[in-house]
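I opened the model today to look at its chains, its helix packing and its sheet. My entries follow in the order in which I looked things up.

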Amino acid sequence: MRGSSERTTPAVDFVCIGQEVSLSLKFRFLLVAVLIVILFSVLVFLFLPCQHPPVASLENAKLALKQAAKTGALRYKKQFYRSAEKLMRDGWMEMAHQNGRLAPFRNYEVADSILKLAAETAHEADREARERIRYLDSLAQSERADLQNELLLCREALDGSLANFKAEHYWTSADLSLQVSELLITKGEYEEACQTVAKGRESLHRLIEILAEYANDEAQKINVWRRWVQETLTESRTKGTYVVIVDKSAHKTYLIRAGNLVHTYDCEVGYNSVHQKLFAGDGATPEGKYQISAVKPHGSKYYKALLINYPNALDKKRFQENKKRGIISLRARIGGLIEIHGEGGRNEDWTDGCIALTNSEMDHIMQYVTVGTPVTIVRRSDLWP
Amino acid sequence: MFKRITIAFIAFALLAFVSCAKAPEQEMQKANTSIEAARTAEAEDYAPDAYGIAMDTLNAANAAKTEADGKFALFRSYSKAKEMFVRAEALANEAASAAQAEKERVKAEVEGLLTQAKAVLDSADAALKKAPKGKGSKADIELIKGDLDAANASYTDAQNDFTAGKYKSAKAKLEAAMQKAQAVITEIEQAKAKKAGK
């Protein structure tokens, strides 16, 4: 029982008890409501169908990109590859965005289709890169083959003509380009290989230009050489004497008597005989009308020798003109001691300007020629024999 | 009593929200900067595997952040994303270092070849100067000079390619130059032997 100081009226006691009862009921209602909400949410999450994230599509896209990169798509189809990369990232982020939502509200359709597109694009990049590589490989091989064939033709032309070091230089340069391009192809550097072949082709064009220059020079001088040959033959016919005609390009020396061919000798000429002799040491055999000025049956370094009277008046005149025009150095000497001598038979042009026969052929020719015998040397004779 | 429990619960939830809901902006920035640096260092060409792993990790970190962004604040946590950004940054730095190391290795390899090729070309040049001279050898010497000129031209091209960073092309040209120069040396040695045996 309460003390006298704490006395309350019966009505107040009743209100307090009523309030306590009211609070207890409210709390219970609230608790039940919360429990119902929780139970409902659990039921929704458990039984409402929700989508699974397209993890497989993401993995496929990653694999496809890896394969494309391995093939070289980044190098040969960069734009395609970057597009596929971006699509994969976008699809991944869209998937992550959906993952962040409440399960019943997730929709992975967009993410899945983006990732599938990423994989397709990566496959396309891979395919196109492979095609590009195949194309470049094929192009490089075909360009190489073309250059090789043209070089072979030029090689035949060079081998069949007088030594031409200017042309040889460009041939070697083009040939080296071929070798380098082969190495580049083995390293998968197809574009570089094509560029190298193109450089080789430039050398080849320069080589062809030089050959054309010499052909043009020959075309301009052929009539002069024809005239010299005709005059020599006429002299031989008229006087009934022996004459010698040397055809540098054909590598032949002809012994003629009374205008008729008596004997043909194989010969070798100067190591740089593609043009007229310009100065001492240029390696060219002179072209002109000469005579034997001395016969050396003994004492020659090259078995036996027939000295010819190079330089003649025309040679001296040309030499002075070339110096004035700056074609040759002012310090250059005209040279001399051009002979027909032995120790030939080497199958290559090796002399400093002389004409080399085999020893047995020297023995033969020396039976018929003497001091004063005309010797006409031409670069090419299309009239004789 | 109920009121005190409720207030305590709300206070605790707010605390958790504040501590876990902060996006890892700094870590993300650092990771992106490192990836960019790796790309500049040509890691895609020189360290493609390491770069690929770094990019994958960065993408995964971005995905984790995006996922967390979408969650209700009370359930949001960026701890996984943060950890992955930190890892992506480290991997990108590794990729950049690996690329740099590989570039240095390739560069050193080509530099070595340049030195080697120069030595062979110099030897060929010296051999040519001592080649047997005289009538009959001039044609060969002229041809050899042509070969050596071509080899030297290839060497010069290789130097230009090296300066431009085209290491594979430089290597091929140096190999061709050395082969040519070696062939020249062999030819001269054979000519000398032939002359000696004559």
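Entry 1, a helix pair in chain B. I began with handedness: α2(B) passes α4(B) in a left-handed crossing. I keep in mind that this is a predicted model.

I then looked up the residues that meet there. From α2(B) I noted B:M28, B:A31, B:I35 and B:A38. Their counterparts in α4(B) are B:Y51, B:A54, B:M55, B:L58, B:A61 and B:K65. By class, the contact of α2(B) with α4(B) has nine nonpolar residues, no polar ones and one charged.

Next came the geometry. Helix α2 of chain B covers residues 25-40, and helix α4 of chain B covers residues 48-70. Their axes come within 11 Å and cross at roughly 155 degrees. Angles over 145 degrees count as roughly antiparallel, so α2(B) and α4(B) are roughly antiparallel to each other.

I turned to helix α5 (residues 79-129) and helix α6 (residues 138-163) of chain B. They pack at an angle of about 160 degrees, and their axes are 11 Å apart. α5(B) and α6(B) are therefore roughly antiparallel to each other. I looked up the hand of this crossing too: α5(B) and α6(B) cross in the left-handed sense.

The α5(B) side of the contact consists of B:V110, B:L114, B:A117, B:L121, B:A124, B:D125 and B:L128. The class count for the contact of α5(B) with α6(B) is twelve nonpolar, two polar and two charged.

I checked the domain assignment, which gives domain 1 (16-102) and domain 2 (103-197) of chain B. Their centres, taken over C-alpha atoms, are separated by 51 Å. How many residues of domain 1 of chain B are in contact with domain 2 of chain B? I found six, against four residues of domain 2. α5(B) supplies the largest share of the domain 1 side, four residues. That side has three nonpolar, one polar and two charged residues.

I traced an open sheet of eight strands with mixed pairing. The order in chain A is β3-β2-β1-β8-β4-β5-β6-β7. Which are the edge strands? They are β3 (260-266) and β7 (355-356) of chain A, each pairing on one side only.

Strand β2 (residues 252-257) of chain A pairs with β3(A) in the antiparallel sense, over six bridges. I picked out A:L255, whose bridge partner in β3(A) is A:H263.

Then I looked at the helix over the sheet. Helix α7 (residues 190-239) of chain A lies across β1 (242-247), β2, β4 (288-300) and β8 (374-378) of chain A. α7(A) runs at about 160 degrees to β8(A).

I counted 32 residues of chain A in contact with 31 residues of chain B. On the chain A side, α4 (78-99) and α6 (165-186) are the elements that give two or more residues. α6(A) gives the most, with ten residues. The chain A side divides into 14 nonpolar, nine polar and nine charged residues.

Definitions and conventions: Residues are numbered from 1 along each chain as its sequence is written. Chains are lettered from A and ligands numbered from 1 in the order in which they are written. This is a predicted model: local features need pLDDT of at least 70, side-chain atom pairs count only at pLDDT 80 or more; totals for chains, interfaces and linings use all residues. Two residues are in contact if their C-beta atoms, placed from the backbone, lie within 7 Å. Ala, Val, Leu, Ile, Met, Phe, Trp, Tyr, Cys and Pro count as nonpolar, Asp, Glu, Lys and Arg as charged, and the others, Gly among them, as polar. Two strands pair if DSSP finds at least two bridges between them. Axes are lines fitted to C-alpha atoms, for helices over the stretch in contact, and angles run from 0 to 180 degrees between N-to-C directions. Angles under 35 degrees count as roughly parallel, over 145 as roughly antiparallel, 65 to 115 as roughly perpendicular and the rest as oblique. A crossing is left-handed if the near helix is turned anticlockwise from the far one by less than a right angle, and right-handed if clockwise. Domain bounds come from an automatic or database domain assignment.
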